[in-house]
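Hi,

Here's the structure I promised to pass on.

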Amino acid sequence: MFFKKGLLIVISGPSGVGKTTLGQKLLTQYPEMKYSISVTTRKLRKTEVNGQDYVFVCMERFKKDIKKGRFAEWAEVGGNLYGTSKTFIEEAINSGYDVLLDIDVQGASQLRKLYHENGVFIFITAPSIDTLRNRLNLRKTDSEQEIDARIMLAKKEIKESNNYNYVLVNKDINKTLEDISRIISSEKRER
Ligand code: 5GP
């Protein structure tokens, strides 16, 4: 029997679309799956824990890590830098673990080139821009200006969705979760 490498399950989509909730639910459903905790220069939000949601670092440290080749991908999103640890994802997939990543469209495009054999790329979108704006307002983590910027970015990101293997409209979180589970099962069967 052949040893199977794990899958990289890459989820992208506009801010406020429900990626974090979907990710948490997926990790509960698949206890063996590992979450790739990104490194970021963004400020920690009140609801976040360093080392759990992200590893929060200063710009100097992030730039050093870029030079040392520590990121499988990195990108600037909304004025902050975000990156994925190369060692973490490679050790995990080489040990047969599936890895879940929540990264933006630029990062996904970098990983698509590097890990096209192991990557499953899923874009989550909202039923409409108004739904997105409402969700961001309800979340109460961003100012009105920040929300406007996130909506502008969302419109750009949605244009990139045709580069993904799957595009899901998140109308109902449980239905979207079922769709993702079905995708994971079928991708595993195919490999
Ligand atoms: P937030 O600041 O709202 O947590 O995330 C902003 C955006 O950065 C989201 O679209 C999220 O998917 C993306 N992001 C988070 N971690 C990474 C990463 O490691 N690499 C890239 N390229 N994007 C990331």
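Before the notes, one bit of bookkeeping: I count Ala, Val, Leu, Ile, Met, Phe, Trp, Tyr, Cys and Pro as nonpolar, Asp, Glu, Lys and Arg as charged, and the others, Gly among them, as polar. Also keep in mind that this is a predicted model.

With those classes, the shell around the ligand comes out as seven charged, five nonpolar and four polar residues. There are 16 residues around the ligand, and the ones that come nearest are Ser38, Arg42, Tyr54, Tyr82 and Asp102.

- Tyr54: an N or O atom in its side chain is 2.5 Å from an oxygen atom of the ligand.
- Glu73: its side chain has an N or O atom 2.7 Å from a nitrogen atom of the ligand.
- Arg150: here the distance is 3.3 Å, between an oxygen atom of the ligand and a side-chain N or O atom.

How much of the ligand does the protein cover? On its own the ligand has 510 Å² of accessible area, and the protein covers 94% of that. As for where the shell comes from, the elements giving two or more residues to it are β5 (71-77) and β6 (80-85).

Now the sheet. Five strands make up an open sheet with parallel pairing, and the order is β2-β7-β1-β8-β9. At the edges sit β2 (34-35) and β9 (166-169), each pairing on one side only. Helix α7 (residues 173-190) packs on this sheet and touches β1 (8-12), β8 (119-125) and β9. The direction of α7 makes about 165° with that of β9.

Strand β7 (residues 99-102) is worth a look for its pairings. With β2, the parallel pairing runs over two bridges: Lys34 stands opposite Val99, and Tyr35 is opposite Leu100. With β1, β7 also pairs in the parallel sense, over four bridges. Which residue of β7 is the bridge partner of Leu8? That's Val99, the residue that Lys34 faces from β2.

Cheers

Technical notes
Residues are numbered from 1 along each chain as its sequence is written. This is a predicted model: local features need pLDDT of at least 70, side-chain atom pairs count only at pLDDT 80 or more; totals for chains, interfaces and linings use all residues. Side-chain values use heavy atoms; hydrogens and water are left out. Two strands pair if DSSP finds at least two bridges between them. Contact means heavy atoms within 4.5 Å. Axes are lines fitted to C-alpha atoms, for helices over the stretch in contact, and angles run from 0 to 180 degrees between N-to-C directions. A residue is near a molecule or strand if one of its heavy atoms lies within 4 Å of it. A polar contact is a pair of N or O atoms within 3.5 Å; within protein, one must be able to donate a hydrogen and the other to accept it, and residues adjacent in sequence count only if both atoms are side-chain atoms. Accessible areas come from the Shrake-Rupley method with a 1.4 Å probe; for residues, only the protein chains shown count as cover.
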